[in-house]
There are 2 protein chains.
Amino acid sequence: MDDDTLLLTMLFDFFGDLLTDKQREYYDLHYNEDLSLSEIAEKAGITRQGVFDVITRAEESLKEMEQKTGVVRRWRETRKGLERAEIVARELLTLTGPDGASAALARELVLTLEKINSEL
Amino acid sequence: MDDDTLLLTMLFDFFGDLLTDKQREYYDLHYNEDLSLSEIAEKAGITRQGVFDVITRAEESLKEMEQKTGVVRRWRETRKGLERAEIVARELLTLTGPDGASAALARELVLTLEKINSEL
């Protein structure tokens, strides 16, 4: 996935429900269900150009929402820091060994960070 | 701040720029600049009821955006986990003392989590 596609995927995940029903439907069919513009056009009974326009408008909306809220940018920065934190916590747990108070805290940290990262 | 006000404050922070200019302006004057509805009405040259309607619509929009995206809910959960992680990392640093490999890792963890939490 190139950077722009990845950004759009995250944006759709965050803001997809703020699009119009038609934008969300065509966007989803094209990018998530991998249907071609012509296939969507046939299903929907409109022109290929019509489908293209709806999807293009959806992409513009998603990018505009990101420009105004910065949600994905903030989320990505947090995620980068958290992935690093999880690695460090694991190294720490290796150093403490399995027993004792430090090990218990290190294990709690690993589990907490793992949980947060899996939900991000 | 009660729960609803806190939620609206976070929503305005995330989604304020997705409101209309007028919604954003009146909302900001009322909740952030602490102007009364009558004061805003006088400045804007409309009725108090008109201001009330715009702000009510802004609140509904913000809550609808949250209902559709869950951004604030996800953010809050992440934040709660991260605050706990920072506390655990600090306890760990107390146990490791200032020197050695474990201490270096624990210190990196504290700094990383501190940075993430201050930016959330």
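**Aromatic pairs and their setting**

Over all chains of this predicted model, the count of aromatic pairs comes to ten. One of them is formed by Phe12(A) and Tyr27(A), whose rings are stacked, with 4.6 Å from centre to centre and 20° between the planes. This pair links distant parts of the chain, since Phe12(A) belongs to helix H1 (residues 3–15) of chain A and Tyr27(A) to helix H2 (residues 21–32) of chain A, 15 residues apart.

Are these two side chains buried or exposed? Phe12(A) has a relative accessible area of 14% and is therefore buried, as the limit for that class is under 20%.

The counterpart in chain B consists of Phe12(B) and Tyr27(B): the ring centres are 4.6 Å apart and the planes meet at 20°, and because stacking requires planes under 30 degrees apart, the pair is stacked. Phe12(B) lies in helix H1 (residues 3–15) of chain B and Tyr27(B) in helix H2 (residues 21–32) of chain B, so the pair ties together parts that are 15 residues apart in sequence. Phe12(B) and Tyr27(B) are both buried.

Aromatic residues of the two chains also come together. Phe14(A), Phe15(A) and Trp75(A) form one aromatic cluster with Phe14(B), Phe15(B) and Trp75(B).

The relation between the chains is considered next. Chain B is superposed on chain A by a rotation of 180° with 0.0 Å of shift along its axis, at an RMSD of 0.1 Å. This is the relation of a two-fold axis. The same surface serves both copies, as 100% of the contact residues of chain B recur in chain A.

Both chains also contribute to the largest pocket, which has a volume of about 330 Å³. From chain A, its lining includes Asp17(A), Leu18(A), Leu19(A), Ser61(A), Glu64(A), Met65(A) and Lys68(A). Chain B supplies Leu18(B), Ser61(B), Glu64(B), Met65(B) and Lys68(B) to the lining of the largest pocket. Helix H4 (48–69) of chain A and helix H4 (48–69) of chain B are the elements that give two or more residues to this lining. By class, the lining residues are five nonpolar, two polar and five charged.

Asp34(A), in the loop between H2 and H3 of chain A, has a phi near 65°, a positive value in a residue other than glycine. Asp34(B) lies in the loop between H2 and helix H3 (37–44) of chain B and is exposed, with a relative accessible area of 64%.

Helix H3 (residues 37–44) of chain A contains Glu39(A). At 41% relative accessibility, Glu39(A) is partly exposed, because the value falls between the limits of 20% and 50%. From C-alpha to C-alpha, Glu39(A) and Leu109(A) are 49 Å apart in space, and they are 70 residues apart in sequence.

Definitions and conventions:
Residues are numbered from 1 along each chain as its sequence is written. Chains are lettered from A and ligands numbered from 1 in the order in which they are written. This is a predicted model: local features need pLDDT of at least 70, side-chain atom pairs count only at pLDDT 80 or more; totals for chains, interfaces and linings use all residues. Side-chain values use heavy atoms; hydrogens and water are left out. Copies are superposed by least squares on the C-alpha atoms of residues with pLDDT of at least 70 in both. Contact means heavy atoms within 4.5 Å. Rings of Phe, Tyr and Trp (its six-membered ring) pair if their centres lie within 6.5 Å; planes under 30 degrees apart count as stacked, over 60 as edge-to-face and the rest as tilted. Helices (H or I, at least four residues) and strands (E, at least two) are DSSP runs, numbered from the N terminus. Buried means under 20% relative accessible area, exposed over 50%, partly exposed in between (1.4 Å probe, protein chains only). On a 1 Å grid over the protein atoms alone, a cavity is a set of points where a 1.4 Å probe fits but cannot get out, and a pocket is an open set with protein on both sides within 12 Å along at least five of seven lines; lining residues have an atom within 4 Å of a point. Grid points are joined across faces, edges and corners, and a volume is the space filled by probe spheres set on the points. Ala, Val, Leu, Ile, Met, Phe, Trp, Tyr, Cys and Pro count as nonpolar, Asp, Glu, Lys and Arg as charged, and the others, Gly among them, as polar.
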